[in-house]
Amino acid sequence: MSDTVRWGILATGGIAERFVTDLAGLEGAEAVAVASRTEASARAFADRLGIPRAYGDWDGLLADPDVDVVYVATPHHAHREAAGRALAAGKAVLCEKAFTLNAREAGELVGTARERGLFLMEAMWMYCNPLVRKLAELVRDGAVGEVRTVQADFGLAGPFEAGHRLRDPSVGGGALLDLGVYPVAFAQLLLGEPDSVQAHARISPEGVDLNTGMLLGWESGASALLSCSLEADTPLTAAVTGTAGRIEVPRGFFFPERFTLYREGAEPEEFVNGDDPHSMRHEAAEVMRCLRAGETESPLVPLDGTLAVMRTLDAVRDRVGVRYPQEAGLQGAAAGEGPLTRV
């Protein structure tokens, strides 16, 4: 791997544009190609962002010998196909969240990457944020004692009309995969995979979750109260409470500008992000570090952790009765395998 890591961008939506914009400020990173399902869309994106090559199909980008790593920014119902084809072409992959529609698909991608010795990482930018990393370090080091509760929420006010992609089950619509993945991933960053999952949701006429509450439990006695919504502008905050203190994260917990540690007998300690908390370059930098070091998995966003989050999301959908058309004939929400068998 040379000093410069050359990126291929698969898809041309808003999140792809944001990623390329942040990539431009990262030393040793270069976006060399973009692909879309239409040449016009790819060319417009390339011209706007100064990318040398544009392809009107995925195959052109995946065959490009100058592409070291593919950033998959398609809607999540297409992640399995897009990331799978990139791995089959021998490319390293950074794939947006939710990683796939379900744990079965996620397991297939992870299995392929491990069999072929290729790098694969979920684009969970929250895990790469320096302040989130500091928070997790404090919790691991016992700053709040033994964790007893985690709270987190992510909701948008909407309304989203029936034809919107967030209301379309065929593309994995609903609050859970777009928004709920953040609270679930936050809780599991601190506590690991839960031993029990309970959930309640308001379901749209199309069959996707519009408003979902989750209660996760661990054998340690810890619990997490999480929610996501397409109908309400929730606080977007998070809190971790332990036997010796608590941490409170204000609005925007998944890209925090600051958080406060409270401990009995001590003054509150505020931790501030001195960098741009909204930037996606931290996850890109981690991918590039791994590639240069010859690592096929990131310790910040481990694949086993991604699989565990997908199993929890499957369990939530199973509890509330949401199933996508692609899963017809599967047992359970996604026929995923995991320890989540108790309610």
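In what order do the 8 strands of the open sheet lie? The order is β8-β9-β10-β7-β11-β12-β13-β14, and the pairing is mixed, where two strands count as paired if DSSP finds at least two bridges between them, and where strands (E, at least two residues) and helices (H or I, at least four) are DSSP runs numbered from the N terminus. This is a predicted model, in which local features need pLDDT of at least 70 and side-chain atom pairs count only at pLDDT 80 or more, while totals for chains, interfaces and linings use all residues. Residues are numbered from 1 along each chain as its sequence is written, and side-chain values use heavy atoms, with hydrogens and water left out.

The edges of the sheet are formed by β8 (196–203) and β14 (269–272), each of which pairs on one side only. Neighbouring strands are turned by 10 degrees against each other on average, direction ignored, with axes taken as lines fitted to C-alpha atoms, for helices over the stretch in contact, and angles running from 0 to 180 degrees between N-to-C directions.

Helix α10 (residues 303–320) lies across β8 and β9 (209–217), running at about 55 degrees to β8.

With a disulfide defined as a pair of cysteine sulfur atoms within 2.5 Å, the count comes to 0.

Note on methods: Contact means heavy atoms within 4.5 Å.
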